[in-house]
Amino acid sequence: MLVIFDCDGVLVDSEPLANASFSRALKAQGLDWSVEETMRRLMGLSLKSSFEIVEEELGRKLPDDFLEKMQAVTYQSFRDAPLQPVLGVKEAVLALQADGLATCVASSGSPEKMRFTLGLTGLWDLFDGRIFSSSQVPRGKPFPDLFLHAAISMDVQPFDCVVVEDSVPGIRAARLAGMRALAYAGAPYANRDALGAAGGFLFSDMKQLPELVRE
């Protein structure tokens, strides 16, 4: 069996910090979305998909240096906070690996961003060499491409995979890939109803994860 982890909001507690930076950057472009609105509309999507939505809303292209400037601010906020792993996730991953289960990461984030966030939180070594990004596939979440790519790369059939996600696009992608979807809803911003409606099995404490995977 293969356990596929999303990164942001599942392994690292980055969503509030990242979306605060995104919201501020959008306000500077004239799009007045609160942090909550930014999360509701864009959480779980690739940057490419997020930018398409934002540009449609603005009616124009974002500046060429928008991403570079926003990421510099975001990375600094991760350093300052500092960014933390999601509570209990390291122990859960180690327990799964001790059981002999394969694990990997499949995220909408770029490889560079995951190297930074997983490195900063001490989780990189748990997954080194088994980290997949939506930049490697034609379509990001909610399409199943990324999870199928991860399964193929790890030489595991989709029906033998469990995905751990915290976003609706991620849960939809897992279900479309024919995989079991566990929806982590332990964060205050989690939209439990939407995660459940998308086909995720809700849980709110990473301590529950090894047992849920074994079921």
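Let's start with helix α5, which runs through residues 89–98: here Val89, Ala92, Val93 and Leu96 are buried. Why do these four belong together? They cover an arc of only 95° around the axis, which puts them on the same side of α5. Look at the other side of α5 and you'll find Glu91 and Ala98, which are exposed. Keep in mind as you look around that this is a predicted model.

What do the buried residues of α5 pack against? Their partners are β1 (2–5), α7 (124–127) and α11 (209–214). After α5 comes Gly100, which has a positive phi, near 90°.

## Zooming in on Leu96

Leu96 lies in helix α5. Its relative accessible area is 0%, so Leu96 counts as buried. Leaving out residues up to four places away in sequence, Leu96 touches Val3, Phe5, Leu101, Leu209, Pro210 and Val213.

In soluble globular proteins, nonpolar side chains tend to be buried together. In this model, the largest nonpolar core has 34 residues, and Phe5, Leu11, Leu118 and Leu209 have the most contacts inside it. At least two residues of this core come from each of β1, α4 (66–80), α5, α6 (111–120), α7, β4 (161–165), β5 (180–184) and α11. Which element supplies the largest share? That's α5, with four residues.

Apart from this core lies another one, of 25 residues, including Phe147, Cys161, Ala174 and Ala177. Back to Leu118 for a moment: not counting residues up to four places away in sequence, Leu118 touches Cys7, Leu11, Val12, Leu123, Trp124 and Ile131.

The largest pocket has a volume of about 330 Å³. It's lined by 17 residues, and those closest to its centre are Met39, Arg40, Met43, Tyr189 and Asn191. Two or more lining residues come from each of α2 (35–42), α9 (168–176) and α10 (192–197), and α2 gives the most, with six residues. Sorted by class, the lining of the largest pocket has 11 nonpolar, two polar and four charged residues.

Next is the second largest pocket, at about 260 Å³. Its lining has 17 residues, with Ser46, Leu47, Lys48, Ser49 and Ser134 nearest its centre. Helix α3 (residues 47–58) gives the most to this lining, with four residues.

## Cavities

How many cavities of 30 Å³ or more are there? The count comes to two. The largest cavity holds about 430 Å³ of space. Among the 27 residues lining it, Asp8, Glu15, Leu45, Leu47 and Lys113 lie nearest its centre. The elements that give two or more residues to this lining are α1 (15–28), α3 and α4. Its residues divide into eight nonpolar, 12 polar and seven charged.

The second largest cavity has a volume of about 30 Å³. Gly9, Met43, Asp166, Tyr184, Ala185, Gly186, Ala187, Tyr189 and Ala190 line it. By class, that's six nonpolar, two polar and one charged.

Technical notes: Residues are numbered from 1 along each chain as its sequence is written. This is a predicted model: local features need pLDDT of at least 70, side-chain atom pairs count only at pLDDT 80 or more; totals for chains, interfaces and linings use all residues. Side-chain values use heavy atoms; hydrogens and water are left out. Buried means under 20% relative accessible area, exposed over 50%, partly exposed in between (1.4 Å probe, protein chains only). The arc is that of the directions from the helix axis to the C-beta atoms. Contact means heavy atoms within 4.5 Å. On a 1 Å grid over the protein atoms alone, a cavity is a set of points where a 1.4 Å probe fits but cannot get out, and a pocket is an open set with protein on both sides within 12 Å along at least five of seven lines; lining residues have an atom within 4 Å of a point. Grid points are joined across faces, edges and corners, and a volume is the space filled by probe spheres set on the points. Ala, Val, Leu, Ile, Met, Phe, Trp, Tyr, Cys and Pro count as nonpolar, Asp, Glu, Lys and Arg as charged, and the others, Gly among them, as polar. A nonpolar core is a set of buried Ala, Val, Leu, Ile, Met, Phe, Trp, Tyr and Cys residues joined through side-chain atoms within 4.5 Å.
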